[in-house]
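Welcome to this short briefing. Please have the sequence and the model open side by side, and follow the topics in order.

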Amino acid sequence: MMGYQKPVQYCRFLFYAAAVVCLGQMLSFASAASPISEAERQKKEVEERYEAVNGEAEELEKKKGEAAVQAGQLDQELTDLLTDMDLLETDMSDMTRQIEKEEEEYQKAEEKRKRQYEILKKRIQYIYEEGDVTYLDILLKAKTIGDVINGNEYFQQLYEYDRKLISEYEKTKDDALGRKEVLEERQSELQSLKQEYGVREKTLRNMITKKRAEESDFDRRLRAAKAEAGSQAEIIRKRTEEIRLLQKEEERKREEERRAEEKRRAEEERGAKEQNSGPGRIKSTGGSEFGRNVADYALQFIGNPYVWGGTSLTSGADCSGFVQSVYRHFGVSIPRTSAEQASFGREIAYEEMEPGDLVCYPGHVAMYIGGGRIVHARSAKAGIRVDDNPAYRTIVSIRRPW
């Protein structure tokens, strides 16, 4: 029995020893595994935080980029507005000077007309009170054929004198009326300029109020935009002067042709001179077939009224509404306002201008028809008409919408 207990005790000892070893190994493994798990957990947390921070950084970068784009658009919009207003002020000043000059010329013509009218009135009064010499008087009082001839010459001189008085008076009166009409056209166009200036000024004030509340450095950017606008306006004015010089050269080259045309018209029957001034009679010249078609369609509406804010080619349109409606007829969609039209389509050099191209001014737009002429809804006084001078105002841009 004692011999049996010893092996059992020995086995138990071995079992306990093995258990202690295993427990030690387990404890050793546990103590070794715990720091690794913690490190992996911390690594995972760091990676998650990095991804979150990186995502936030990308989002911030994206927002920063969007803000930069918006700021650039705002700066450009501010600059364009201020440039337009600068050029509008220049054109209004020029128009005011033209009005003063036309007013002075009209007053001179009107004074001349009044003087000639008084002379003509006295002559008519004399004829009425004294009676005029007639052929019968000459024949009855004549004693010889020489008396008849002398009397006839005297009668002819009186006739020529009276005819000259009437002719000079009619010419002076027409000159005064023409100057008055030009003066009224200038005044009407100045009114249109003031309306457009008011629209641009209101837009600018609204933008400044809104953006100043949103952006802390807006005043700095506004100052920068004003400086840039001044530079751009000066560049545009110089470019317009260059265009006017080019135009004078073109006019010089066409002078002989113009004189020949005037001579031809002078030889035509009465009223033939006005054949090319009626709606649909003027035709565009040069350029592409599509451009000529657009310009010829626009020319059908010469004489129709100018209406601020209107788009009807028959009942009335303003400058931008006129060209928009003309192009709509050909399936070409262009913006509504002259400011938007000045940046629509392709920029064209003055020397490459063709019929259908839009000649853009600050607050106004016209359509080129070739031959140094434009058609446009000019003003309430002038209506839709053709003019010979594309550079009659500061040209901001020349655009081809198709």
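Two strands count as paired when DSSP finds at least two bridges between them. With that in hand, take the hairpin of β4 and β5: two residues lie between the strands, and Gly363 takes a positive phi near 80°. Please keep in mind that this is a predicted model. The protein chain has eight helices and eight strands, and 33% of its 402 residues count as buried. Among contacts with a separation of 6 or more, 67% are between residues 24 or more positions apart.

**The sheet**

- Six strands make an open sheet in the order β3-β8-β4-β5-β6-β7, with antiparallel pairing. Its edge strands are β3 (346-347) and β7 (383-387), each of which pairs on one side only.
- Strand β4 (residues 358-361) pairs with β5 in the antiparallel sense over four bridges, and Val359 has Ala366 in β5 as its bridge partner.
- Strand β5 (residues 364-370) is mostly covered, with seven of its seven residues buried.
- On to the next pair: β5 and strand β6 (residues 373-379) are antiparallel and share three bridges. Met367 has Val375 in β6 as its bridge partner.
- β5 and β6 also form a hairpin with two residues between them, where Gly371 in the turn has a positive phi of about 65°.
- β6 and β7 run antiparallel and are joined by five bridges; here Ala377 stands opposite Ile384 in β7.

**Helices on the sheet**

- Helix α6 (residues 289-299) packs on the sheet and touches β5, β6 and β7, its direction making about 115° with that of β5.
- Helix α7 (residues 319-328) lies across β4, β5, β6 and β7 and runs at about 50° to β5.

**Nonpolar cores**

- Which residues have the most contacts inside the largest nonpolar core? They are Phe322, Val326, Leu358, Met367 and Val375, in a core of 28 residues.
- This core draws at least two residues from each of α6, α7, β4, β5, β6 and β7.
- As background, nonpolar side chains tend to be buried together in soluble globular proteins.
- Leaving out residues up to four places away in sequence, Met367 touches Val294, Ala295, Ala298, Val323, Val326, Tyr327, Gly356, Asp357, Leu358, Arg373, Ile374 and Val375.
- Another core, of 20 residues, lies apart from that one; among its members are Met85, Leu190, Leu193 and Leu222.

- Arg393 lies in the loop between β7 and β8 (397-400). Is Arg393 buried or exposed? Its relative accessibility is 4%, so Arg393 counts as buried, the cut-off being under 20%.
- The side chains of Arg393 and Asp91 are joined by a polar contact of 3.1 Å. A polar atom of the Arg393 side chain also lies 2.5 Å from the backbone oxygen of Pro362.
- Not counting residues up to four places away in sequence, Arg393 touches Leu88, Asp91, Glu189, Leu193, Thr240, Arg244, Tyr361, Pro362 and His364.
- His364 has its place in strand β5 and counts as buried because its relative accessibility is 4%.
- Neighbours within four places in sequence aside, His364 is in contact with Cys319, Ser338, Val359, His376, Ala377, Arg378, Tyr392 and Arg393.

- How far apart are the end C-alpha atoms of helix α4 (residues 218-253)? They are 52 Å apart, which agrees with the 52 Å that its 36 residues should span at 1.5 Å a residue.
- The buried residues of α4 are Phe218, Arg221, Leu222, Ala225, Ala229, Ala233, Ile236, Thr240, Ile243 and Gln247.
- When you look at that list, recall that an α-helix has 3.6 residues a turn, so residues three or four places apart point the same way.
- Tyr169 lies in helix α3 (residues 145-214) and counts as buried because its relative accessibility is 9%.
- Tyr169 and Gln116 are 53 residues apart in sequence, yet 5.8 Å apart in space, C-alpha to C-alpha. Leaving aside neighbours within four places in sequence, Tyr169 is in contact with Arg113, Gln116, Tyr117 and Leu120.

Key
Residues numbered from 1 in each chain as written. Predicted model: local features only at pLDDT ≥ 70, side-chain atom pairs only at ≥ 80, totals over all residues. Heavy atoms only, no water. Buried < 20%, exposed > 50% of the residue type's maximum accessible area, 1.4 Å probe, protein only. Contact = heavy atoms within 4.5 Å. Axes fitted to C-alpha atoms, helices over the stretch in contact; angles between N-to-C directions. Core = buried A, V, L, I, M, F, W, Y, C linked by side-chain atoms within 4.5 Å. Polar contact = N/O pair within 3.5 Å; in protein donor to acceptor, adjacent residues only side chain to side chain. Expected span 1.5 Å × (residues − 1).
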